[in-house]
Amino acid sequence: KSANPQWREQFDFHYFSDRKDMLDIEVWRKDNKKHEELLGTCKVDITALPTKQTNRLELPLEKHPGSLLMLVAVAPCTGVSISDLCVCPLGDPTERKQISQRYCIRNSFQDIKDIGFLQVKVLKAADLLAADFSGKSDPFCVLELGNDSLQTHTVYKNLNPEWNKVFTFPIKDIHDVLEVTVFDEDGDKPPDFLGKVAIPLLSV
């Protein structure tokens, strides 16, 4: 019940330099659980923003009254990566040794915010639900840790997809939960949910 809402939420998106994506923003209103209405949209061209500084943007909503105030900081990505199985960070003995030294008990208080990082190998899925009329699915996998989100490529027309990707996340809160969700890509429509598993970091 506000025409001037304040959210004060921060989100981290991993933007890789070889992509030319726009940041798409939508503002919605919700009357109840069933009725939602789009109040406006706006776009931000990430490549046009200065890096290593916080950019204050006041963006008018397209085709609707109102504006959105945002702070956007483009900074070099540290600790986050997507790689193939053959080049995963912990697979290199030299790098593994450096990591062991970095997180040994003696260095615990050098950087309090540097809790550690999580490496996840997403190998494959088996016996997925068939979401398409053809009796197949177009599955991809999304990994979320806190506000960090990374995803695999889509394997088309397959109920037993193999992704063989390695994802690395910096850990900001040891009480976070890693959520791994499998979706079916559905063209321009929202993806269909195929299943989910949640893994508390404290259980690893």
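A salt bridge is defined here as a side-chain nitrogen of Lys or Arg within 4 Å of a carboxyl oxygen of Asp or Glu. By this criterion, the count between domain 1 and domain 2 of the protein chain is zero salt bridges. The structure is a predicted model, in which local features need pLDDT of at least 70 and side-chain atom pairs count only at pLDDT 80 or more, while totals for chains, interfaces and linings use all residues. Residues are numbered from 1 along each chain as its sequence is written, and side-chain values use heavy atoms, with hydrogens and water left out.

Domain 1 covers residues 1–76 and domain 2 covers residues 81–203; these bounds come from an automatic or database domain assignment. The C-alpha centres of domain 1 and domain 2 are 25 Å apart. Five residues of domain 1 and six residues of domain 2 take part in the contact, where contact means heavy atoms within 4.5 Å.

The size of an interface is often given as the accessible area lost when the parts come together. Between domain 1 and domain 2, the buried area is about 470 Å², and carbon and sulfur atoms give 50% of this area. Buried area is the accessible area (1.4 Å probe) that two parts lose on being put together, summed over both. On the side of domain 1 that touches domain 2, two residues are nonpolar, two are polar and one is charged. In this classification, Ala, Val, Leu, Ile, Met, Phe, Trp, Tyr, Cys and Pro count as nonpolar, Asp, Glu, Lys and Arg as charged, and the others, Gly among them, as polar.

Helices (H or I, at least four residues) and strands (E, at least two) are DSSP runs, numbered from the N terminus. The C-alpha trace spans about 55 × 50 × 35 Å along its principal axes. Of the 204 residues in the protein chain, 28% are buried, that is, under 20% relative accessible area, whereas exposed means over 50% and partly exposed lies in between (1.4 Å probe, protein chains only).

Two loop residues other than glycine have positive phi values. K63, in the loop between strand 3 (54–60) and strand 4 (67–73), has phi near 60°. K63 counts as exposed because its relative accessibility is 85%. D127, in the loop between strand 6 (116–124) and strand 7 (139–145), has phi near 55°. With 68% relative accessibility, D127 therefore counts as exposed.
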